Amino acid sequence: MSKIPTRTLLIVFTLLFLLFVPTKMAAQQRDNYRSLLRNPNVKVETTNLPIVFITVGGKTILRDNYILARMKIIHNGEGLSNHADTLAYPDQHVDYEGWISLKYRGNSSFSSADKKPLAFRTLETNVLPDYGGLKKKVEILGMPKDNKWGFIAPWSDETMFRDVLSFELGRPWFDWVPRAQMCEVILDGTYYGVFVLCERVSKGKHRLDLNEPGSEEGDLTGDYHVTVDHGYDPYFTSRHRPWQSLDGSIIAQNFLIKYEYADPDDEEFSDLPIGTRVALHNEINKMEDSFLSNDWNSADGGYRACIDVQSFIDYMLATEVSMNIDGYRLSTHLYKHSQKRYKNEGVDPRWKTTLWDFNIAWGNANYYDGDKTDCWQYELNTKFPYDDCPVPFYWHRMLQDDQFVESLKQRWQEYRNSNHSNKRIMQTVDSLASLIKEGGAADRNEQAWGIYNRTSIWPIPYYASNYDDAVSHLKGWISKRLQFLDRHLLPPRMVQTIPISIASGWNADIVAESLPAASYTNVPIDGADRTFYAETLRGSGGLPREHIINSAHEGAKFELAAYNGLNALSLRNKDAEGTIEFDEPVVTNELFILATSGNGDANVLVRLNYADGTSEEMGTFTIRDWSVRNEALQGDEAVTKLGNIRRADNGYSSDNHYCLFDFSIPVSDRPLLSVTFTSTNYAYASIMALSSLSAEATDIQQGCIDQPSTTQPAAIFDMRGMRLEHLQPGLNIIRTNDGKVRKVIKR
C-alpha cells in the first residue's frame, strides 16, 4: 500500500474541519445583499415615515468590525410627509446628518434573513474610534442623546412591528425600555425597505444609567449588565445547571447557563480596575445562589435581596403574553447597580430586567410551540430538553414561591386593567399597522422583498397573503393568547351573557331533527358527510331539545336556531364569506361566538360592522376540529360528548367525542349591527350562535341616571347607533364609565 503524501492528508483534514465545524457567521456579500432584493429598483417619492439615507460608497458592511459611513435622516415631523428627492424639496427638516461607524448585527436575525439588522455609532468626524476618532452622543428622531444605536430589520415578522409592539406595551412597567421609530432605509441609493431605528440596550444616562465598575472608590459591587444568550466567546458559565423539571428533580447534565458580557464588554475589562471581571462573576453567583439558599423565599432575604422581583415578574409577563420562544434563555438582559450607589443615591442595587428581541414572538415561530396560544414558554426545558440554550433554573424556582405566584397574578390584573386590555392592545396594533401602511411603506417593502410570495422564510408558521392578512392573523392570535393567560392568572370567570337574536345570515341546516338525515339537513360538518342530530332524534349525543347551550368554558349562554330550518353559517371553502345580521343593534363590551369545525381546524377572519357605518377587523381566529377525545380536551370546549350522524346511511357515531367551541371578541364603544366571517383555509367552519356580555338596562322617565356619584356617562347613542352629544327625546342608549349600559327615556 502506497504512502499518502503529508500535504494530501493536510488538505483532506482541513476540508473535513471546514465541513463539520459550524461557522459563527455567514460570509459577507460585497453588494451588501442587494442581490437578494426581489426588486432593487423600488423608489420612495413621499412617505410618512422618516427616510434614512446611508452611504458606504460601495464598501462591504462587515459583521465583526465597524466601517465608516455617512447617514442623513429626513423627518419633517409626525403627520407630515417626507420626500426622498431632497433637491426638489430642499427645505425639509434634517433630523441627523453626519458620520457613523456601521456594521451588521444579530444572530439568527442575521444568518436567516435576507434583510440584515445593523448597528451604528455616531461619530464626531470621519475617523473611526479604532484610529483615534471620537464617538458623539446625538439625539435622533426625538430619542435622547447617545452614540450607540441599531436598526432592527423586520424579515420573518410580516407585520414588521412585533418588536415595537412589545416595547410599547412594556414601557409603563419597566424602569427603561428601548425607544424606537419605524423608518425606510436607502443604502447607497438602493431601497432596502422598512427598518426600526432604535436605542440599544446599553449603559447611558438616558438608558440603563450604569457607571463604570470601580469608578467610585474602587467599588466592585456593580454596575453590571449581562445577557443570558448563546454563549459566544467570551462568556461566563453559571455554576448551576438548568432544570428539566419544574420542581428541580431533574437536572440537565449536558447544558449550561451562559452569560455574555455587555457592560462592560470583554474588551473593556483590561481598562478597568483589576478584579472587575471576577467581581462581576461573584455578583452573578450571589444572585443564583440566593435561589438555592435555606431562606431562599423569605420575605426580606433569599432571592428577594438579590433581584427586583417586580422587574422579573414584568419580564415573565412580557415573555408569556407574546409567547416569546427566545424568552428567558436568549437575548435576556440583566443589569444591576452598585452597593455604593445604593448608599449614596438610593439606587436599587438588585438585578433588574428589560426587553429586547421579539421578532419571532407573538405566535411567529413554527418550532418549540411558538405559534401556540395555550402553553407556557417557561416550560421549554421540560418539553424540549435537548436545546443547548435552556431556560435558567431560577425562573422555575420562583414559581415554587406562592407569594411570587400571587404577585404575578395581581400584576397581570393590573396589566389587564391598563394598557394590556383587549381594546388597548388592539388599538396599539392598529396604530402601528396604520403607520406602516398609510404612506405606502408596507407596499414598497413588499415590492422590494416579495415577502407574501414566499413560503420558506424561517421560522414563519403562518404565511399571510398580504399585509392586512398578517395584521389580522396577529390580532386573532393575541385574542386567544389573552384568553389563555386570563384563564390561568385571573380568578375563574363565569360571564353573564344574552343570546343575540339573528335576523339573517344562516345558510346551512347542520342538525338532523328526523330521518332520513339527508332530507333534514342540507350540508355536512365534515368531508365524511356527517352532521349533528337533535335530542328529539336520539338522546345520547344529541343537541338539546330546548336549543339552549350554556358553555362549560366560561358560562356564556347561547340559543341555537331552529333545527327544522337554517341553523348555521357554513364556510366550506377558502375565502368563503358570510355576514350574520342582528335583529337590533347590540351594545356590549364583548361578543361570544359558538362554532365548530370539520376537516381540521378552521381559520376564520372576523369583522365587526357597526351601526355608524364603520367596520373593524378583529383578527383571524382558529376554530378547532370537532373531533376531540377525552385525553385531548383543553378546557376551553363549550360542549363535549356530542355525537354525529352520517347523512348517506343514517349511521350514528360509535362514541360521542365531538365538541362545540366558543371564543370571545372585544367590541368597541358603539352599537354593533352584524359580524362578517371569512374562511382563510379549506376546513369546514360552522358558526352556530352568538351572544353578548350582558348589560344592565334601566328605564328612567325623567332623563336622569340613577347611579352612584362616581358613575358618569361615557357615551350616548340613539337606537340607530349614532353618537349623540346630549340626551334626546325618546329612547337613548348610555354607556357609563363603569362599563355598564343603560336605556334611558327622555320625555
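Colleague: Is N419 buried or exposed?

Modeller: This is a predicted model. In it, N419 has a relative accessible area of 6%, and because the cut-off for buried is under 20%, N419 counts as buried.

Colleague: Where is N419 found?

Modeller: N419 sits in a loop, the one between α9 (402-416) and α10 (422-437).

Colleague: Which side chain does the side chain of N419 join through a polar contact of 3.1 Å?

Modeller: That partner is W173. The side chain of N419 also makes a polar contact with the side chain of H420, at 2.9 Å.

Colleague: And what does N419 touch, not counting residues up to four places away in sequence?

Modeller: On that count, N419 touches E168, L169, P172, W173, R424 and I425.

Colleague: Let us turn to α10. At what angle do α10 and α12 pack?

Modeller: The angle between α10 and helix α12 (residues 467-489) is about 165°, and their axes are 11 Å apart. Angles over 145 degrees count as roughly antiparallel, so α10 is roughly antiparallel to α12.

Colleague: Is the crossing of α10 and α12 left-handed or right-handed?

Modeller: The crossing of these two helices, α10 and α12, is right-handed.

Colleague: Which residues make the contact?

Modeller: From α10, the contact is made by N422, I425, M426, V429, D430, A433, I436 and K437. From α12, the residues are Y467, D468, V471, L474, K475, I478, S479 and L482.

Colleague: A change of topic: where is S35?

Modeller: S35 is placed in the loop between α1 (6-20) and β1 (46-47). The side chain of S35 makes a polar contact of 3.1 Å with the side chain of Q29.

Colleague: How far apart are S35 and D114 in space?

Modeller: Their C-alpha atoms are 9.6 Å apart, while S35 and D114 are separated by 79 residues in sequence.

Colleague: Finally, the whole protein. How many helices and strands are there?

Modeller: The protein has 13 helices and 36 strands. Of its 747 residues, 56% are buried. Among contacts with a separation of 6 or more, 71% are between residues 24 or more positions apart.

Methods. Residues numbered from 1 in each chain as written. Predicted model: local features only at pLDDT ≥ 70, side-chain atom pairs only at ≥ 80, totals over all residues. Heavy atoms only, no water. Helix = DSSP H or I, 4+ residues; strand = E, 2+ residues; numbered from the N terminus. Buried < 20%, exposed > 50% of the residue type's maximum accessible area, 1.4 Å probe, protein only. Polar contact = N/O pair within 3.5 Å; in protein donor to acceptor, adjacent residues only side chain to side chain. Contact = heavy atoms within 4.5 Å. Axes fitted to C-alpha atoms, helices over the stretch in contact; angles between N-to-C directions. Parallel < 35°, antiparallel > 145°, perpendicular 65-115°, else oblique. Left-handed = near helix turned anticlockwise from the far one by under 90°.
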